[in-house]
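Dear colleague,

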Amino acid sequence: YKFWKTQPVPQFNEDGKGRGGPIKKVNLDEVPKERYPLLDGFEWGTIDPEDKKEVGELYELLSNHYVEDDDSNFRLNYSPVFLKWALTAPGWQKQWHIGVRASASQKLVAFISGLPTNINIHTQTIKVIEINFLCIHKRLRSKRLAPLLIKEITRRCYIQGIYQAIYTAAAVLPTPVASCRYYHRALDWLKLYDSGFSHLPANTTKARQVAKYHLPSTTQTPGLRLMQAGDLEAVRELLEQYLQRFDISPAFSIDELRHWLFLEAGQGKEGGKQVVWAYVVEDLETQKITDFVSFYSIESAVLSHSQSDVIRTAYLYYYAAHRTQNLQQRLQGLINDALILAKKARFDVFNALRLQDNDLFLEKLHFGCGDGQLNYYLFNYRVEPVVIEDESACLDGQRPGGMGVIML
Ligand SMILES: CCCCCCCCCCCCCC(=O)SCCNC(=O)CCNC(=O)[C@H](O)C(C)(C)COP(=O)(O)OP(=O)(O)OC[C@H]1O[C@@H](n2cnc3c(N)ncnc32)[C@H](O)[C@@H]1OP(=O)(O)O
Ligand SMILES: Cc1c(COc2ccc(F)c(F)c2F)oc2cccc(OCCCNCc3cccnc3)c12
């Protein structure tokens, strides 16, 4: 950890007893005013997420060089429309969409993105940058370029008065604030089997596997319907109240929530390019919004020569339930409806992490545990272990704690 042991992050050998809060007080006149020097033949650039051509260059880089599974059978394949959506949330700045270009060819060979937002950590609301899409061309790996990208985006954030960050990685780095197992729920088991994503367990048959994952064609929750713009304020209140169960959670503005739950109508539906789906449960008597669920779409390219070339994946995004009496039963019904809706939208698999209240439904709804986990990290912030003063502060006594932020 030559690089990470020089960074203001909790180191592995800490005893976790430290006071919660920022690790390093950033002194602005110590922050370099100039960009870090790059490897010879390369130059810093930015990607304008509203420029179709530049989004195309970013798509090209990520489509060929971004996250793969451990056996390099699949690669995440974020679409250009998704990338524009992911990079233009309220408060975005071009200077935080940092590219590295080969000077001669002007080819984009590396990228890192930052998006400012606010998160609640216990009782504190802190301004952070969300870091995502760190990617280096396969031919430029192991040249210590990643630390350079990280230091450059850190420098640009410090100058703008942002001193903390949140990020996820499959990589184990100093020091995870949460580690969440991957879970997958087959929707089209045969497609997943043909693609090598799913295997036939011993002493069962394909027919039995298909039957195991069968879903009804209609949703079951009374009052479930597509979320509309008019539901926004009610959903924000419902979500804000529900997320208090978790130690770390997003502190969404109404503008952020509008962005994350509605793709602007224009880019939304045409040509199967929808990227996010959001549904509410409206109580038929009171017309109140009592629950909500959302999911987003990332395809995975199948890298082997198998016939199916993409796996359409739905990722569970934010959800919330009002009050929490029989929370387990309500979430099982709500998420099962999300599975039904995802299947109707032609997704092949539905992914979720082991965080929030997901333990209440993962097993029951036939999610299988994947290999690997997603680690969550905070930069320049130490979270002290949570101590629950009065149980009454939580909803129904049993407060899951832990991670409540979902990263794209
Ligand atoms: C206040 C504002 C703060 C803002 C910044 C907050 C921090 C943000 C941090 C970034 C959050 C990213 C969130 C996401 O996007 S996670 C997704 C990451 N992307 C991929 O997995 C795509 C495929 N892989 C690649 O493109 C490259 O392998 C990457 C770019 C990942 C590393 O390139 P390369 O393989 O050519 O290595 P190197 O020789 O340049 O450098 C080696 C050093 O880099 C450390 N390393 C390796 N992988 C990661 C990783 N995923 N996060 C952080 N550090 C990582 C490694 O421990 C070693 O340091 P040390 O062990 O010697 O110490
Ligand atoms: C990722 C991910 C997996 C693993 O699945 C794949 C991983 C790599 C692939 F190329 C692939 F096709 C996968 F299906 O299973 C999941 C279940 C729930 C949520 C998941 O990812 C949430 C989005 C994570 N942000 C992108 C990312 C992914 C990995 C490491 N760092 C950042 C995942």
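How many nonpolar, polar and charged residues does the lining of the largest cavity have? The lining has 17 nonpolar residues, five polar and two charged (Ala, Val, Leu, Ile, Met, Phe, Trp, Tyr, Cys and Pro count as nonpolar, Asp, Glu, Lys and Arg as charged, the others, Gly among them, as polar).

This is a predicted model, in which local features need pLDDT of at least 70 and side-chain atom pairs pLDDT 80 or more, while totals for chains, interfaces and linings use all residues. Residues are numbered from 1 along each chain as its sequence is written, and side-chain values use heavy atoms, without hydrogens and water.

Strand β4 (a DSSP run of E, at least two residues) gives the largest share of the lining, seven residues.

The whole structure holds 29 aromatic pairs (rings of Phe, Tyr and Trp, the last by its six-membered ring, with centres within 6.5 Å; planes under 30 degrees apart are stacked, over 60 edge-to-face, the rest tilted). Tyr296 and Tyr315 are stacked, at 5.3 Å centre to centre and 5° between the planes. Tyr296 lies in strand β11 and Tyr315 in strand β12, 19 residues apart. Both Tyr296 and Tyr315 are buried (under 20% relative accessible area, 1.4 Å probe, protein chains only).

Yours sincerely

Conventions
Chains are lettered from A and ligands numbered from 1 in the order in which they are written. Helices (H or I, at least four residues) and strands (E, at least two) are DSSP runs, numbered from the N terminus. Buried means under 20% relative accessible area, exposed over 50%, partly exposed in between (1.4 Å probe, protein chains only).
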